[in-house]
Amino acid sequence: MFKNYFKVAFRNLLRNKGFSLINISGLAIGMASAMLILLWVQYQVSHDRFHAKLDRLYQVWSNDVIDGSIRSLTATPEIMAPDLKKDYPEIEGVTRVSWTQNLLSDGGEKKLESVGAVVDPDFLTMFSFPLLQGNINTALSNPHSIVITEKLAKKFFNNVNPIGKTIRMGNATNYTVTGLLKNIPSITQFSFIEYLASYVDKTQANEVDKDWTDISIPTFVLLKPGASPVKLGAKIKKIIPTRTNGAEKSEEFLYPMSQTWLYSQFENGKPVGGVIDNVRMFSIVAVFILLIACINFMNLSTARSEKRAKEVGVRKVAGALKRSLIAQFLIESILLTSIAGVLAIMIVQLSIPAFNRLMVNSLEINYENIYFWLYLVAFILITGILAGSYPAFFLSSFKPVTVLKGGFKKINALVTPRKILVILQFTFAIVLIICTIIVTQQVKYAQERQSGYERDHLVHVFMEGEIQKNFHLIKNDLLNQGIAVSVAATNSPLTQNWSSGIGLKWEGKDPNLVAQVNRYTEESDLIKTAGMKLIEGRDIDIKNYPSDSTACIINESAAKLMKFKNPIGQIITDEPSKWHVIGVIKDFIQESPYAPIKPMIIRGPKEWLGTVLIKLNGKTPTAKNIAGMEKIFNQYNAAYPFSFVFTDEDYAQKFLGETQTKKLATLFAGLTIFISCLGLFGLATYMAESRTKEIGIRKVLGASVTSITTLLSRDFVKLVCIAVMIASPLAYWAASRWLDDFNYHITISLWVFVSAGLLAILIALITVSYQSIRAAISNPTKSLRSE
């Protein structure tokens, strides 16, 4: 029986090559799109889910009341971790994770910039990052121990056993390799780590920050089996106020490791979303794209029902039961879906590299995993049944007496399932088009926001090795050789904030005010180098004003917060230092371009400096300037390879997430429209075929090509217009919710809906016009003779 089903299904597929091609193409593209999205979803939800002790792993977070609301921070004081393990018996293990980037060398000429982390010895026993060589219990227990990944080991030692080898960090300290770590997978927040150093070194060197008010280091804990995270959370809640005698109000809480990737966004101390929002959104997109492809199948199958009606009638007269007919049509659907599934896998495999570049991910298909094949078979079967269920029940319901007499259901009813399905298709497509336009507008709006400084020809170089020591020599050479027009030293890149505080004091401050103030540091010439606008006062100039080591500049937002009528000369206390204000600058964007600019104090060089900011000479080719920079930095810092970052490229990274969303929305909106138009094209083809005699009679009676084309296209355009009316409020609701996440955002305009609707109508019109015009210009004598 099943052999006969497949034989008949295959014959029908070959007999109707055009419709089969449209069906298979639509299903293949829809399935491939859904597969890509589901691969991405699986990649996101798998983050840090592979740890064997996941149910006992927690990160310690901090809640601070800042600017009247609770701000949740993923960091703690650096000194906290040892006290947690010592004072709370519920804790089995604890580790801090301090990210670091260093120049590593083998003591000879091989030198590499590498990213790693300084962690506590418990790190390897808490997380499931297996050692290929070494002992997880002791690898990080001794001073000057280093654990390296396979990737880093190969760079340094090729295929030689690295255990016991020496690696020099920076220019001074030698470390002994005590463990070989299996390459860390991409589905973890620790994915970029190439080596692990031990906190034992910092502890013995007395370099651990003992300030309980400095919340700066992520801390993770492993609870003992059976320990209650709720009870432990209540115990550690007041640990910081207790240690600081109430000077610091921050409260700690435990957050499950399993939640940190997907649910990292907090509002007023409560998790409200994060990556999970995009996961949900694109999961819905995947379902609807697949549904649209299935709707194509349903529409084309039911549109051709007149041609299958007599077949159904004959089969029923011959004794076929309804369930056997349903099985026959479902087998046809599953056969088509299986062919489409094979094509979809091929499309996905070819698309993964480009998709990974677009999303900055590491998606891949594990063909060796038996579950992949089981999921694939299930996916194809579900799609086949979903696509074929309505046609199967529809076709099998025909009454043999009626169809064999030539009677059939009306095809011009006001409301039919086919029309509803077309409307549903285009509704979703138009929603995606509108949302894509709004996302594009929002990104452009933020990109065009005044940054407050000039990014052109601006680069920064991190101070490594001898750069800070030789800064003035480097600066003089860059200026004297005409490579740069201005040079400044700062504590961080202009586009990144590395420090902030809530304990700053000034004259007239409200004792109850708790406000976050960002900290920045410069040596001199920052305003000139960055092209900032000075409102009053002057820039810090340590050369001509030695007292400027304790001077500061504030931005407009800080002056407003502090309610200074005459800011120059005011004293700002940031324990243990006091800073006197010498200037006020216009606000500039250092953090998110979508958020309000925070108050900022730019301090003199009494504080730490770590970055060289360079304004290149715009009259000289950039390549020549870079070559000159490299020569100078190599002269004064020969032990370190020269590297730099363009400020405009660094600033562009602030839009990465929204730009990715825009690209994805554009891609899937285009695919949705394409799949919908494939179905529309098929329906238009069938419509033209089924109305051949009518068209011939109309032409004989004098109807023009234009009037016939309009007649045939009108019904489809009506359906798209209805879809526009349904899609517009849905898209407005979805886009408004998305924009609510940004303090600085666009206002949704009416033209967005009008232009999206007109675009959808135009696309639909172009799609059906080909078949309409072709039918309208055909010779009526041929169609009437054939009838």
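Biologist: Which residues gather in a patch of negative charge on the surface?
Modeller: Glu-267, Asp-277, Asp-740 and Asp-741 do. Keep in mind that this is a predicted model.

Biologist: Take Asp-741. Where is its place?
Modeller: Asp-741 sits in a loop. That loop runs between α22 (705-739) and α23 (750-776).

Biologist: Switching topic. What makes up the nonpolar surface patch?
Modeller: Tyr-367, Ile-370, Tyr-371, Trp-373, Leu-374 and Tyr-375 make that patch. Its area is about 690 Å².

Biologist: Where does Tyr-367 sit?
Modeller: In the loop between α11 and α12 (370-396).

Biologist: Why does Tyr-367 count as partly exposed?
Modeller: Because its relative accessibility is 32%. A residue is called buried under 20% and exposed over 50%.

Biologist: Is Ser-333 buried or exposed?
Modeller: Buried. The relative accessible area of Ser-333 is 0%.

Biologist: What does Ser-333 touch?
Modeller: Phe-297, Gly-384, Ala-387 and Gly-388. That leaves out residues up to four places away in sequence.

Biologist: Now Leu-152. Which helix is that in?
Modeller: Helix α5, residues 150-157. Leu-152 counts as buried, at 0% relative accessibility.

Biologist: So what is Leu-152 in contact with?
Modeller: Leu-104, Leu-112, Ser-114, Glu-194 and Tyr-195, with neighbours within four places in sequence set aside.

Biologist: Pick Glu-194. How many residues apart along the chain are Leu-152 and Glu-194?
Modeller: They are 42 residues apart. Their C-alpha atoms are separated by 6.2 Å.

Biologist: Zoom out for me. What does the secondary structure come to?
Modeller: The protein has 24 helices and 27 strands.

Biologist: How many residues are there, and what share counts as buried?
Modeller: There are 787 residues, and 51% of them count as buried.

Biologist: What about contacts between residues 24 or more positions apart?
Modeller: They account for 79% of the contacts with a separation of 6 or more.

Key. Residues are numbered from 1 along each chain as its sequence is written. This is a predicted model: local features need pLDDT of at least 70, side-chain atom pairs count only at pLDDT 80 or more; totals for chains, interfaces and linings use all residues. Side-chain values use heavy atoms; hydrogens and water are left out. Patches are made of residues with over 30% relative accessible area and no salt bridge: like charges are joined within 9 Å, nonpolar side chains (Val, Leu, Ile, Met, Phe, Trp, Tyr) within 5 Å. Accessible areas come from the Shrake-Rupley method with a 1.4 Å probe; for residues, only the protein chains shown count as cover. A salt bridge is a side-chain nitrogen of Lys or Arg within 4 Å of a carboxyl oxygen of Asp or Glu. Lys and Arg count as positive and Asp and Glu as negative; His and the chain ends are not counted. The place of a charge is taken as NZ of Lys, CZ of Arg, CG of Asp or CD of Glu. Helices (H or I, at least four residues) and strands (E, at least two) are DSSP runs, numbered from the N terminus. Buried means under 20% relative accessible area, exposed over 50%, partly exposed in between (1.4 Å probe, protein chains only). Contact means heavy atoms within 4.5 Å.
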